[in-house]
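Reader: I am new to reading structures. Could you take a close look at the salt bridges and at the parts around them?

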Amino acid sequence: MKKKRIIKTIKILLLIIVLLAGVKGILVYRDYKAEEKRMAQNPYFTKYKLNEEEMNILNSQFHVETTPDWWENWNEEDRPDYSYYKIEATEDTKIVVAVLNYWLFDDKLEMDQEAWKKAEEYGFTTDNRITTDWVIEHPGEAVEIMTAMGDGGDIFRYLEDIYKVYDKITTENDVE
């Protein structure tokens, strides 16, 4: 009788262990799937929820400063929410905006027609030009204008070329 009781107790304990292992397995699997889903989401940055491509354009073509540094490794524990990133205009950003305005409103090239339309869509004209503050406050829209340029705004990556244009337009304005 005692032997049957011990066997019954062992069976109950084994059943409890198997059930607990099953529950733990389900919880681990659920956590794994939740993590998999989280990691599959595209990251977004700043309070404007910019995607990675938009952040790359802001950094490489508008030459903004990013805090934390854009080029450092992102903390994967935060993925996909990097809304704590901040962007700030630099002197280079101001130069880029001046040259962008020049090409959009003064020295119009047919290849930049989509960018003119996009700028006009956002209310910009020869008399109401894009400002550096607007770029920082409306980065997604600024990126749309930049990428609508004939070359996708690629020339703005090369500050040496942009500074040459800037020097030309500021020299022209000084002569008048």
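Author: A salt bridge is counted when a side-chain nitrogen of Lys or Arg is within 4 Å of a carboxyl oxygen of Asp or Glu. Side chains of opposite charge can pair when their charged atoms come close. The model is predicted, so local features need pLDDT of at least 70 and side-chain atom pairs count only at pLDDT 80 or more, while totals for chains, interfaces and linings use all residues. Residues are numbered from 1 along each chain as its sequence is written, and side-chain values use heavy atoms, with hydrogens and water left out.

The structure holds 8 salt bridges. One of them joins Glu76 and Arg79, whose closest N and O atoms are 4.0 Å apart. The two partners differ in how covered they are, and here buried means under 20% relative accessible area, exposed means over 50%, and partly exposed is in between (1.4 Å probe, protein chains only). Glu76 is partly exposed, at 34% relative accessibility. Arg79 is buried, with a relative accessible area of 16%.

Pro80 sits in the loop between strand 2 and strand 3. In these names, helices (H or I, at least four residues) and strands (E, at least two) are DSSP runs, numbered from the N terminus. That loop, between strand 2 (65-67) and strand 3 (81-82), also contains Pro68. A cis peptide bond joins Thr67 and Pro68, with omega about -5 degrees.

The next pair lies elsewhere. The side chains of Lys118 and Glu144 meet in a salt bridge, 3.3 Å from N to O. Lys118 belongs to helix 4 (residues 113-121) and Glu144 to helix 6 (residues 139-148), so this pair ties together parts that are 26 residues apart in sequence. Lys118 is partly exposed at 21% relative accessibility, and Glu144 is partly exposed at 32%. A network of salt bridges links Lys118, Glu121 and Glu144.

How do helix 4 and helix 6 lie against each other? Two packed helices are described by the angle between their axes and the distance between the axes. The axes of helix 4 and helix 6 come within 7 Å and cross at roughly 155 degrees. Such axes are lines fitted to C-alpha atoms, for helices over the stretch in contact, with angles running from 0 to 180 degrees between N-to-C directions. Helix 4 and helix 6 are therefore roughly antiparallel to each other (over 145 degrees; under 35 is roughly parallel, 65 to 115 roughly perpendicular, and the rest oblique). Glu114, Ala115, Lys118 and Ala119 in helix 4 meet Glu144, Ile145 and Ala148 in helix 6, where contact means heavy atoms within 4.5 Å.

Glu144 is partly exposed, but helix 6 itself is mostly covered, since 7 of its 10 residues are buried. These buried residues are Pro139, Gly140, Ala142, Val143, Ile145, Met146 and Ala148. Their cover includes helix 2, strand 4 (86-88), helix 3 (91-105), helix 4 and helix 5 (132-137).

A further salt bridge joins Asp154 and Arg157, whose closest N and O atoms are 2.6 Å apart. Asp154 is partly exposed, with a relative accessible area of 30%, and Arg157 is partly exposed at 38%. Both residues are touched by Gln61, whose contacts also include Asn56, Val96, Met146 and Phe156, not counting residues up to four places away in sequence. Gln61 is buried, with a relative accessible area of 2%. The loop between helix 2 and strand 2 holds Gln61.

His63 lies in that loop too, between helix 2 and strand 2. Phi of His63 is near 55 degrees, a positive value in a residue other than glycine. His63 is buried, at 13% relative accessibility. Thr46 is another residue other than glycine with a positive phi, near 60 degrees. Thr46 is in the loop between strand 1 (44-45) and helix 2 (52-60), and at 2% relative accessibility Thr46 is buried.
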